[in-house]
Each structure stands twice: as C-alpha cells, then as structure tokens.
Amino acid sequence: MKTILITGMDSLTGIYVAHALNAAAPSARLVGLGRGAADTLVEHVEMLSTPRSGYEFADLLKKERVNVVIHLDIAGEYQPVLNREQALQQNILGGMTLLGACVTAGVQRVVVQSSTLVYGASPSVPLFASEQQPLTRSRPSGLLYDYVEIETFIANFRNRHPSTDIVVLRCAGLVGAGVWSPLSHYLTQPLPLTLVGFQPRVQVLHIEDAAVAFALAATKEPVSQVFNVAAERVVTLSRAIALAGRQPAQVPEFFFDAARRLLPGRESMTVWHQDRDFLKYSCVADIQRARRELGWSPQHGIEDALHETAAYAPKGKRLQEKTQRRVI
Amino acid sequence: MSDSPPTGSPPAPPAGGASNRPQDSQELEIAVLNRPGYRRKEVSTTAHFSAGLLRLIAENLERMTPPQMARVMDILQQHDMNNFLDPSFWSGARKALEYQLREQLGLLQRRLLGTYEIDPYGMDQEMVEVVRPFLRFMYRTWWRVSVEGQEHLPATGRALLVSNHSGVIPWDGAMIATAVYEEHRESRIVRNLFLHWFSTLPFVGTTLSSLGGVPGLPDNATRLLEDDELVCTFPEGVKGVGKLFRDRYQLARFGRGGYVQTALRTGSPIVPVAVVGAEEIYPMLGNAESLARLFGMPYFPITPIFPWLGPVGAIPLPTQWSISFCTPIPTAEYGPESTDDPLVVFMLSERVRTSIQETVNARLAERRSVF
C-alpha cells in the first residue's frame, strides 16, 4: 500500500491535494505535516507531529514507510510573510533538508511546488515559455528568489541522486474561492499598481486544477521531471484586475518606486509588488507537456476562477489571510 | 460645382463593407470620381486623395451608431463635398474626421486601461478592425501601394514572409499585412515580428502586440508557424531601418540565418517580399549616435524634417510603393534535420537575399517617379 506524505497541510492547497488524492488513489494511505495544530482537517489524512531536525524527519519517513512526498510547505505561498529571514530558512534550507531526508529514507518520489515566475519576465522571454527555458537571469526578490534557489539546487541534486524521482510542478498564481496567494493578494488589494503603457499577459491556476496536477504527478509514471501547470487562456493584467473586481492604479515607471513605498502592508510584499518586470513583460508558461505526459487538463477558465476569487474578497476588504478551515 | 452626369459607366464601389455604407457617401464618392475628364488612369493626385479621404470617413461610419452617423452626414451636408477644389470640402472632411476620432476616444480609453480581450499572442481583434480603415487609407491613398504575386501566398497553412526593411519606423510591416488582407483571396492575417527591444517602450510595445505583432524570438516564430499562421520577418533588422539615404535599396547583411532555421524546423515555405517606396518616406541623412545612446534608442534619425519640425516631422512622405511577393522557396524537402546544417542555412539565406535584391532592382528600374 502506497503511503503519501503531504507537507504544508495547513494551507488550502494541502487540503485540496489531499481531496484530489482521495479520488485519484483511494487505496493510498495519506499522512500530513502541518505547522498549525495537529488536528485532522481532512478525512483520511493522518496528521503527524513535526520533526525537529533532518534526522528526525528521515526516521519519521522510514517509520511510516513513506513512498511519495508532496512538498507544499512554502512560506509566502499561502500566507503573507512577516519575517523574510525566517521564510528564507524555511523555504531553502527546509527544502534542502527535506530532500536530504527523503534520499536517506529511500523515498521513491518527491513532488515539489514551484512557480511559473521562475522564467522571469523580460522582452527576450518567449511568449510561451516551455520547460526547457532557462531560469531568470535577473536577481529575483522575495519568494521568487527562494523558488529559483530551490530549483537550482534540485537541478544539481538530481544528478547526484538518480534513485529518487524529483518532480517539480511550476504553478501559475493560485486563485479560487478564498485562496490566498501572492497573485490573488495583488489582484484583490484596493488599488493594484500597474505601469502606464504596459499590458503584460497574466496566467492563473485554479486551486482544484492544481490539486489534480499534484495528485497525478504523485501517482503517475511521467518521463519528465519538470512540468508547467496553468490555466489555458491568458488575459491582460488590467483585465485580470477588473475581473477580480478592482480598479488598477496606473503610475508612470519613474514614479513606481515612490508609489511602492506608499503602499500599506509593505512588510508582506509579494513579488507582484516589488518586481516591476512582471508589471511590464509577460511571463506565461506552455502547458503542453503536462497535458501530454500527465494527462492533466485544466477544468477552470481564467474568468470563472477570478470571479470566484472576487466573490470572497468583496470591494473594500482585503482577502482574508487565514481562511476558515473547511472540511471537504 | 454641380453634379455632372456620369460619363460612361461609373467605376464599381470598393468591395467588402460597401453595402453597409450610407447611400449618400457612396454617391458622393462616385460623383467625385466621375467629374468630367476623370478616367481611372489619369486621376489627378488631389482627386484621388479626396476620394480616399471620403472613403476613410465612410468606413469609420460603419462602426458608429445611427445618431453618430446622422451627425457626420449633417457635417458633410453643410459643406460642398462634391467639389474638392473648394476649401469648404477640406474643412468639412476635417470636421467629420475630428468628430469620428472624438467619438472613438471612449474605445481608445478602454484600450489604454487594458480591459480588452486578447488572443493567446496578445492581439486585440477589435482594435485591428478599428485601425483598418486608417491603414487602408495609407495603403490606397497615401502610398498608393501596387501589389503583385499575392497568389504565391498559400490559401491555408504556414508560410514565412521575408522582406527588406526600411523607413525608420516599421510602416512596411503594416503595409505588407494590409496588402495581404486586401489583395489575397482569403484575406489572411499576417503576424509581423518586431524587434523585442520595442517591448521595453511604454505604449509602443503594447500597441504593436495588440495589432498582431509578436516579439521576434525564434520560439515565438516557431510556435506561430506551427499554428499555421503567416509570419513576416525582416532579417536586416535595425541595420535595415537605420540605413542612411545614400545606401537606400542596398540590402544589409541578413545575419546568421535564424529565420531560415525557423522555416526549416517547421517546414514552412519562404516567400521573399520586395518592398519599394519605403526607403524614401523618412529620408535619413544622418544618425545622431550620441543622442541615440542618450535615449536608449537603436538610432536617432536626422531627416530634412525630423527632428527640426518636431512631431510634424513624423508624418511620412507620400511616396508610391510597390510590394512584390516572389516565388516561394519550399523548405520541406530539406527536412527538419538540416536546421543545424550551416551550409543549407546560408545557401537558402543567400537565395532569399538575392531574390529580394533582384526584385527590388527590377521594380526600381520600372518606377517612373518617387511620388
């Protein structure tokens, strides 16, 4: 019997992934790790106590005879980050520790969450970035820096430990009913900043489609190791903001830095606030490989997904950071 | 001043949207074209120009609501639009165009805010339809483009158009696309590849993309061709557009042949295109390199009217153009594996360049005057 461990179970993503796994692999045993209280949030998921070190983690994996690990515990992905240093430690050092523990314990597959933004936004990035496109060469900030570091580490790590399958899912910004993500945080704030004269194309991913992709990556036998996962269509940034029920605040480029400083909630800045490149140029990923090899196909269109997000973030109120726990 | 009875049969009104236009403007245009002494080949420049202006006003009318149309007809009736020698004709045309532009500002504002639908590559179909009458005006009236060889373009399926580049600003790309839309029996859309540096400019990059342009990267071109689109590229690039006037019509270096590799990889036929007339629209006498560096532009053109006359210097000269589509060069026979064979790539690139240069020289020899 397969045992699948999901980290980051206190995120909505973890809950949806568990639900998708219940459907995709009903015979598998699901265990979860979370940073919140260790109460059962989803049926059929057994919550474990958080190990304190890498060795404890390896022992835990061996004891529970875990076959597959799905790593969703990325600080800043499902909650705003207050302490940047702590987030960096959790993401990069935590990710490295997790992979080391998985290899030591003989886990067969690790599925890691990443972001389509790692391709970077620049005029020389193709309109649809395929998985072979190299990672961004400009120095990214915040959460994006963590993603790029993790991916670079995994790329080298893979060569040295060929017995473990490490699958990376580069997800577009997550949206859906009540989903907090860096992208939905940006789209639903009262006056999202945009640059005058630029209309980049944006891509989103509905959380249910993301969950199905993770479930397939965990259970199927794909050939490739990296997949782009996103909804089919793209819209312009201003249209995305309009779909989320907000009006963009257009500022000229030279004024951008000053305008950024005036924003409330600066301490939990996401890449969409800081990195003006994403407000100028498109960063859109090609999803053909996930369709072909995982048999995955997005069910939610971008308009419906953003309308759902808007419904949970009525005008004048910020998107709630900790959504109510839901038992699905 | 009065309407003269038509001498002989009136020329047929242009095909396409003519059926939607109000009867009055059609009659106005036919009346202008049928002044005594007017025959198709002997049209005076002014008559041709005023007919073109009337057509532009009429085509814009197609997109307007009935009250707006009534207002425009009102303006036109207040002036003597039959006689283009009367200054009242010109003030009438100006007022009508200004009114139409003001009414379309709402549409433009929506565009500026960005809440429009795009296709996966960023093209805004509605914007393309709105700009079409203006491009048609430039095509038929301002530059009087004559086209030949449009049967060389496939009715369906992919093809890579390769053209010489000139004219400081890429008007030639717009005119090639207009030519294909107007003259090809299937009215196909051409996707132009523009230098990806233009995406760094506010407004320019967005406008180029929403009109169907795509940054000129190999991945983008390959993807478009695999979608069976017509793609137009200008291998001379900045070297072509930034040519000095004394070097006009001498094709610059065609580079490393990336466009040939894209065609080989996708098996698309290469259609060489020769554009004559675009070199003289902004005769570039010099290049102020220090100013170019200061503004971060690839070149800073010095022409007889720009930058001295400011924005007026940006109006292109109304030269006479011809666009020739040459015999296509099939690439399927070489197979996708020759994409990485430099010998095949350079051989094909040289063939394309020679074909364009010879056609340009032939058209230049036939040309009787620049304007």
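Tutor: B:D228 is partly exposed, with a relative accessible area of 38%. The model is predicted. B:D228 sits in the loop between α9 (218–226) and β5 (230–233) of chain B. Its phi is positive, about 60°, yet it is not a glycine. Most residues other than glycine have a negative phi. B:F203 also has a positive phi, about 70°, and is not a glycine either. Its loop runs between β3 (190–194) and α8 (204–210) of chain B. B:F203 is partly exposed, at 40% relative accessible area.

Now the interface. Here 24 residues of chain A contact 23 of chain B. The two chains bury about 1900 Å² between them, 59% of it on carbon and sulfur atoms. In chain A, A:P123, A:L127 and A:F128 lose the most area to chain B, together 27% of what that side buries. The rule finds 3 salt bridges across this interface. A:R233 and B:E117 meet through their side chains in a salt bridge, 3.6 Å from N to O. Polar contacts link 7 residue pairs between the chains. On the chain A side, β12 and α7 each give two or more residues. The largest share, 3 residues, comes from α7(A). That side divides into 11 nonpolar, 7 polar and 6 charged residues.

Finally, α7 (237–243) and β12 (235–236) of chain A are also among the elements that the buried residues of α12(A) pack against. Those buried residues are A:I302, A:E303, A:A305, A:L306, A:T309 and A:A310. They lie on the same side of α12(A) because they cover an arc of only 165° around the axis.

Key: Residues numbered from 1 in each chain as written. Chains lettered and ligands numbered in written order. Predicted model: local features only at pLDDT ≥ 70, side-chain atom pairs only at ≥ 80, totals over all residues. Heavy atoms only, no water. Buried < 20%, exposed > 50% of the residue type's maximum accessible area, 1.4 Å probe, protein only. Helix = DSSP H or I, 4+ residues; strand = E, 2+ residues; numbered from the N terminus. Arc of directions from axis to C-beta. Contact = heavy atoms within 4.5 Å. Buried area = accessible area lost by both parts, 1.4 Å probe. Salt bridge = Lys/Arg side-chain N within 4 Å of Asp/Glu carboxyl O. Polar contact = N/O pair within 3.5 Å; in protein donor to acceptor, adjacent residues only side chain to side chain. Nonpolar A, V, L, I, M, F, W, Y, C, P; charged D, E, K, R; others polar.
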